[in-house]
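Trainee: I would like to go through the labels used for this model and see what stands behind each one.
Mentor: Then let us take them in turn.

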Amino acid sequence: MQVVQETSKVTSLYPNGPERADPPTRIGRPISKSSKLPAHRDIKAITCFTPGTGIATKNGAKLVEQLRQGDRILTRDRGFQPVRWIGKRQVSFSAALHKRDALPVMIRADALGAGRPERDIIVSPRHRILTSDRSYLSIMGESEALIEARALVGRPGITCVMPEQLTYIHLLFDQHEIILSDHLWSESFYLGRPAVAALLREQCNAIKEIFPQIDTAPNTSPQMLARVCLTHEEVQMQCA
């Protein structure tokens, strides 16, 4: 896997100390096989995890690729909630997709504070991470916000990477949730228009069975965002 950009600056996303949950205890079981889905041309809209990421559940930590529909996942706001839908897609990173804002982001262990994450993880570039860093929030009047992973590239231990291919995994709940992945709080799949538009047809059909209002009210999301969200461009403006 090729590292695209090295980093230069770090500030803890959690300057106020420990978070609400203790780091999960890892458990393991054989990884089940899953079908490989073709890549979608608009991978920039995808917000998701990748295999090897540990997700805190009611029965301990499980690798994201081991999760099944109905598993109860630890959320920051509503305790343990059942995952309603899990989507997977294998993406090939061809030369045409080598724009930085389309590349996955690797967050090394401890890059965002001690044990955050507790081991290296890779997420999609627009996957959003929870922050309480006042340098981002001071002008917003918020105590927490979600910030795109690509906006963090440039900190020590956070880089764009260029794998030949990668499996993206979506976790959808009744509400947009903040969940604990390798002791790092980040978002679940959000049913916003760009994200839904980027899904495969069969994935859209599966989600519409859970959220039929997607068809009846196509211009609105059936979910409220869990927190205020900061895009890469908004972070750049604040840091300018």
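Mentor: Start with burial: a residue counts as buried when its relative accessible area is under 20%, as exposed over 50%, and as partly exposed in between. Keep in mind that this is a predicted model.

Trainee: Why is D182 called buried?
Mentor: D182 has 1% relative accessibility, and buried means under 20%, so D182 counts as buried. D182 is found in the loop between β13 (178-181) and β14 (184-187).

Trainee: What is the phi of D182?
Mentor: The phi of D182 is near 50 degrees, which is positive in a residue other than glycine. Most residues other than glycine have a negative phi. D110 also has a positive phi, near 70 degrees.

Trainee: Where does D110 lie, and is D110 buried or partly exposed?
Mentor: D110 lies in the loop between β7 and β8.

Trainee: What makes the peptide bond from R116 to P117 stand out?
Mentor: That bond is cis, with omega near -10 degrees. Most peptide bonds are trans. P117 lies in the loop between β7 and β8.

Trainee: How do you know that D182 and R119 form a salt bridge?
Mentor: The side chains of D182 and R119 meet at 3.3 Å, N to O. The cut-off is 4 Å between a side-chain nitrogen of Lys or Arg and a carboxyl oxygen of Asp or Glu, so the pair qualifies. R119 counts as partly exposed because its relative accessibility is 29%.

Trainee: What makes E187 and R128 a salt bridge, and which of the labels buried or exposed applies to each?
Mentor: Their side chains meet at 3.0 Å, N to O, and the limit is 4 Å. E187 is in strand β14 and R128 in strand β9 (residues 128-131), so the pair ties together parts that are 59 residues apart in sequence. E187 has 1% relative accessibility, so E187 counts as buried. R128 has 14%, and with the cut-off at under 20%, R128 counts as buried too.

Trainee: What links R84 to D174?
Mentor: A salt bridge at 2.3 Å, N to O, between their side chains. R84 is in the loop between β5 and β6 (85-92) and D174 in the loop between β12 and β13, 90 residues apart. R84 is partly exposed, with a relative accessible area of 27%, and D174 counts as partly exposed at 33%.

Trainee: How many salt bridges does the structure hold?
Mentor: Ten. R76, D77, E144 and R227 are linked in a network of salt bridges.

Trainee: Why is Q223 called buried?
Mentor: Q223 is at 4% relative accessibility, and buried means under 20%, so Q223 counts as buried. Q223 lies in the loop between α4 (213-216) and β15 (229-230).

Trainee: How do you know that the side chain of Q223 makes polar contacts?
Mentor: A polar atom of that side chain lies 3.4 Å from the backbone oxygen of D174, and the backbone nitrogen of L191 lies 3.1 Å from a polar atom of the Q223 side chain. The cut-off is 3.5 Å. Beyond its sequence neighbours, Q223 touches several residues, including F173, H176, F189 and F211.

Trainee: Why is Q81 called partly exposed?
Mentor: Q81 is at 21% relative accessibility; buried would need under 20%, so Q81 counts as partly exposed. Q81 lies in strand β5 (residues 79-82), and its side chain reaches the backbone oxygen of R78 at 2.9 Å.

Trainee: Which residues have the most contacts inside the largest nonpolar core?
Mentor: Among them are V105, I107 and L112, in a core of 29 residues. Strand β11 gives the most to this core, with four residues. A second, separate core of eleven residues includes L172, F189, L191 and V196.

Trainee: What is the overall share of buried residues?
Mentor: Of the 240 residues, 52% count as buried.

How values were computed: Residues numbered from 1 in each chain as written. Predicted model: local features only at pLDDT ≥ 70, side-chain atom pairs only at ≥ 80, totals over all residues. Heavy atoms only, no water. Helix = DSSP H or I, 4+ residues; strand = E, 2+ residues; numbered from the N terminus. Buried < 20%, exposed > 50% of the residue type's maximum accessible area, 1.4 Å probe, protein only. Polar contact = N/O pair within 3.5 Å; in protein donor to acceptor, adjacent residues only side chain to side chain. Contact = heavy atoms within 4.5 Å. Core = buried A, V, L, I, M, F, W, Y, C linked by side-chain atoms within 4.5 Å. Lists of a residue's contacts leave out its neighbours within four places in sequence.
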